[in-house]
Amino acid sequence: MFTNNEIEQQVAEFLLQIKAIKLQPNNPFTWASGWKSPIYCDNRVTLSHPTIRTYIRQQLVAAIHDKFGSVGCIAGVATAGIPQGALVAQELGLPFIYVRSKPKEHGTGSMIEGDAPTTSGKRVVVIEDLLSTGKSSLQAVEALRAAGYDVAGLAAIFTYGFDIADENFKQANCPYVTLSNYNALIKYAEEHQFINEKDVNLLKQWRESPSTWGEIAAS
């Protein structure tokens, strides 16, 4: 039986080893939002590594059992949450559905693909690969609730740990759990020399003020 800290550190190790997470404090990435960031996360890379893929699937299942108890359906969030959610649903022997980022522009115009065939299947856990502000994840939660699903909560691989995400999930009355997080990642990266002390300071500064960090780092 793994402790939460052991799981956090193991997932952080995996994500760094396979470069699903890249740390570049001195050569920042630009997010779609326009934010400058010293970190880039693409957890879809884990799907290409069977051992890591299996570990993440098993730990997501364990987290769901521990945090949410019995559920009747798993829902993935398009796009990166779809394969992770399908793997979890297969492990649990549950129906799988997924939520689009916007309604179809043809046909039924729905946001949700698939359906839970029983009433008990309406109690659903949402699967994401990554949490930043939580906005897109909570759009999926809202769509599921509007369609009559009882959303028990959300499970994800990794979170940046932004305060705004905590507040958004609290306001939406949606509990969530993640396998690893930004603090655990930076701790592991420093201890195993993925980064140096100066990098750690820059990464901590970004975590405290991500929207303005690019201006500070450039000054």
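Predicted model: local features only at pLDDT ≥ 70, side-chain atom pairs only at ≥ 80, totals over all residues.
Residues are numbered from 1 along each chain as its sequence is written, and side-chain values use heavy atoms, with hydrogens and water left out.

Helix 1 is a handy place to begin. Helices here are DSSP runs of H or I with at least four residues, strands are runs of E with at least two, and both are numbered from the N terminus. Helix 1 (residues 4–17) packs against helix 2 (residues 50–68) at an angle of about 150°, and their axes are 11 Å apart. (Axes are lines fitted to C-alpha atoms, for helices over the stretch in contact, and angles run from 0 to 180 degrees between N-to-C directions.) That makes helix 1 roughly antiparallel to helix 2; angles over 145 degrees get this label, those under 35 count as roughly parallel, 65 to 115 as roughly perpendicular and the rest as oblique. The crossing of these two helices is left-handed, meaning that the near helix is turned anticlockwise from the far one by less than a right angle, whereas clockwise would be right-handed. Helix 1 brings Ile7, Gln10, Val11 and Phe14 to this contact, and helix 2 brings Ile52, Tyr55 and Gln59; contact means heavy atoms within 4.5 Å. Sorted by class, the contact of helix 1 with helix 2 has five nonpolar, two polar and no charged residues. (Ala, Val, Leu, Ile, Met, Phe, Trp, Tyr, Cys and Pro count as nonpolar, Asp, Glu, Lys and Arg as charged, and the others, Gly among them, as polar.)

Helix 1 also packs with helix 6 (residues 182–191), this time at an angle of about 65° with the axes 9 Å apart. Helix 1 is thus roughly perpendicular to helix 6, and the crossing is right-handed. On the helix 1 side, the contact is made by Glu8, Gln9, Ala12, Glu13 and Leu16; on the helix 6 side, by Ala184, Leu185, Lys187, Tyr188, Ala189 and Glu191. These residues divide into six nonpolar, one polar and four charged.

Now for the loops. Lys19 sits between helix 1 and strand 1 (21–23), and its phi is near 60°, a positive value in a residue other than glycine. Lys19 is exposed, with a relative accessible area of 53%; exposed means over 50%, buried under 20% and partly exposed in between, using a 1.4 Å probe and protein chains only. Asn173, in the loop between helix 5 (163–171) and strand 10 (176–181), has a positive phi of about 55° although it is not a glycine. Asn173 counts as exposed at 64% relative accessibility.

A cis peptide bond joins Ala78 and Thr79, with omega about -5°. Thr79 belongs to the loop between strand 5 (73–77) and helix 3 (81–92).

Finally, UniProt, in an unreviewed entry, places the feature "binding site" at Ser132. UniProt positions follow the numbering used here, feature names are shortened, and annotations may be inferred rather than shown by experiment. Ser132 lies in the loop between strand 8 (123–131) and helix 4 (135–146) and is partly exposed, at 27% relative accessible area. Leaving aside neighbours within four places in sequence, Ser132 touches Tyr160, Phe162 and Ala165.
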